[in-house]
Amino acid sequence: MDIFLQQILNGLLLGSIYALVALGYTMVYGILGLINFAHGDIVMIGALVALSVVTALGTSMPVMLVLLIATATAVAVCVALGLIIERTAYRPLRRAPRLAPLITAIGVSILIQYSAALVWGKQYMSLPEIVKPGKIEFGGAQITTTQAFIFVLACAIMAALLWFVKTSRMGRAMRATEQNPDVAGLMGVDTTRVIAFTFALGASIGAIAGVMVVLYYGQGHYFMGFMVGLKAFTAAVLGGIGNIPGAMLGGLLLGLIESLAAGYMGDITGGVFGSNYRDVYAFIVLVLVLMLRPSGLMGVSSGDRA
Amino acid sequence: MPPLLEVRGLKVAYGGINAVKGIDLDVGAGELVALIGANGAGKTTTLKALAGLLKPAAGSVRYDGHDVTGTPAFELVRRGLALVPEGRGVFARLTVAENLAMGAYIRDDKAAIAADCEHAYATFPRLAERRSQLAGTLSGGEQQMLAIARALMCKPRLLLLDEPSMGLAPIVVQKIFETIRAVAREGVTLLLIEQNARLALQTCDRGYVMESGLITLSGEAKALLDNPDVRRAYLGE
Ligand SMILES: Nc1ncnc2c1ncn2[C@@H]1O[C@H](COP(=O)(O)OP(=O)(O)OP(=O)(O)O)[C@@H](O)[C@H]1O
Ligand SMILES: [Mg+2]
């Protein structure tokens, strides 16, 4: 078995999920200048809703149909949640000093976590064995069909989002609102609606990412959004927060870094940093980016935001 | 017939600072009206309030027979009231073509929009050459052309222009004012702020002079050009 290629594949797969979550951070930051710390918890809600639906439906229907219903339910719940959060927590603070929405975001995050703990309990929830994935051999490495499906779907969502933002009327309105909300208003853009739409879009992609996390790890937990969120936030910062292609690049890179570091740091350091340290690397990356290149790989430095 | 725009007792404040302290102003359909005054007189503030970017503290704004006091900008533009803001406000990281498309955001007649785009490019050939360039990379004059062309894309009935000649070479100023006159001939009503008082009063039918948040003089443009106070204060004589 080719370990190197295997780590690359694992990294890309994990990275594609990080990228999807990172998009939610970056789109909201782009349009509001706000770090929506509750986004990771929206992903968690998506994951737990999907787990509940799959558990309830079990094998009463074809697997693909079960997954489709689970994903659709997760998306619906998360979009509603994203819109409620925007409306009640952030919109009233739109003209407040920047610290206020930031603290609110942390509060919302905690509120969602403990509400989830009330609804689903604090124990881990496991994905019932409804899928029996096949294996795909790949030049000495191996991935499951489920993993291949996750990766292809994640890439398709990213491509569709790029196309949407680049060419659609709403996409153009999002970019205009991001650059200058007052002038966007002068063009006839209802910026309040565009901002709400951006939250909904980020939440729906986050919900799908939540389902992917469940499929990947086979379990979910009320606190899982914290780690997923922090890693995706790191990915967004790495790519340049506010930059959509940057979030995609940052997600994939972070997945690769984490996977390769987890695979090799143990050998390099003579077993001191084994693969159980894998969550550390994301934060090392975060600190390094903030120190060396705070605007990220593809970000615009704050000076030329007109 | 009542004027297209009718402003009564308009007051606008920034926190505790009163920038506009109660002004009356009328613009009739088809008129070309100038608003002149020294720096900090409150001209930009007035236009922003008329366009719905600032909420008036007091007074009323009637447009096209309706009370539109406090109506947000995105609704006013749907009724044909557009503003070219001070400092142009082009979307720097959108291309020239995308900026024009934003100007036509409220329309969905694709063929007519395309025709109007071509018309804009014919008026400003510099923009045509640069249509896929990011607007932030345009020169100041080119950005001003783009800002005006973009505002015209929404087919306004009343166009508010905030210092269209700011920072431009004389030849470009000529071009901009030619365009303004052409737009007026097509029946668009214009209210324009201008530092170059002579050019503004020579171009317009009527004028208002603003000082420290109040309108101190108004009348036919020709009469203002001959007014000794105006000549001393704004025409450098
Ligand atoms: N955002 C703001 N906050 C506080 N005060 C402001 C703000 N914008 C303008 N002012 C004040 O309001 C007054 C009027 O400003 P305004 O921009 O309307 O002037 P103006 O007539 O357009 O001047 P200029 O010819 O220099 O553009 C000024 O005293 C200015 O300092
Ligand atoms: Mg001004």
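The model is predicted, so local features need pLDDT of at least 70 and side-chain atom pairs count only at pLDDT 80 or more, whereas totals for chains, interfaces and linings use all residues. Residues are numbered from 1 along each chain as its sequence is written, chains are lettered from A and ligands numbered from 1 in the order in which they are written, and side-chain values use heavy atoms, leaving out hydrogens and water.

Consider chain B as a whole, whose C-alpha trace spans about 45 × 40 × 35 Å along its principal axes. Among the contacts in chain B (heavy atoms within 4.5 Å) with a separation of 6 or more, 67% join residues 24 or more positions apart.

Turn now to ligand 1, which has 13 residues around it, B:Lys43, B:Thr44, B:Thr45, B:Glu86 and B:Gln195 coming nearest; a residue is near a molecule if one of its heavy atoms lies within 4 Å of it. A polar side-chain atom of B:Glu86 lies 2.6 Å from an oxygen atom of ligand 1, and a polar side-chain atom of B:Gln195 lies 2.8 Å from an oxygen atom of this ligand. The protein covers 61% of the 630 Å² of accessible area that ligand 1 has on its own, where areas come from the Shrake-Rupley method with a 1.4 Å probe and, for residues, only the protein chains shown count as cover.

Notes:
Polar contact = N/O pair within 3.5 Å; in protein donor to acceptor, adjacent residues only side chain to side chain.
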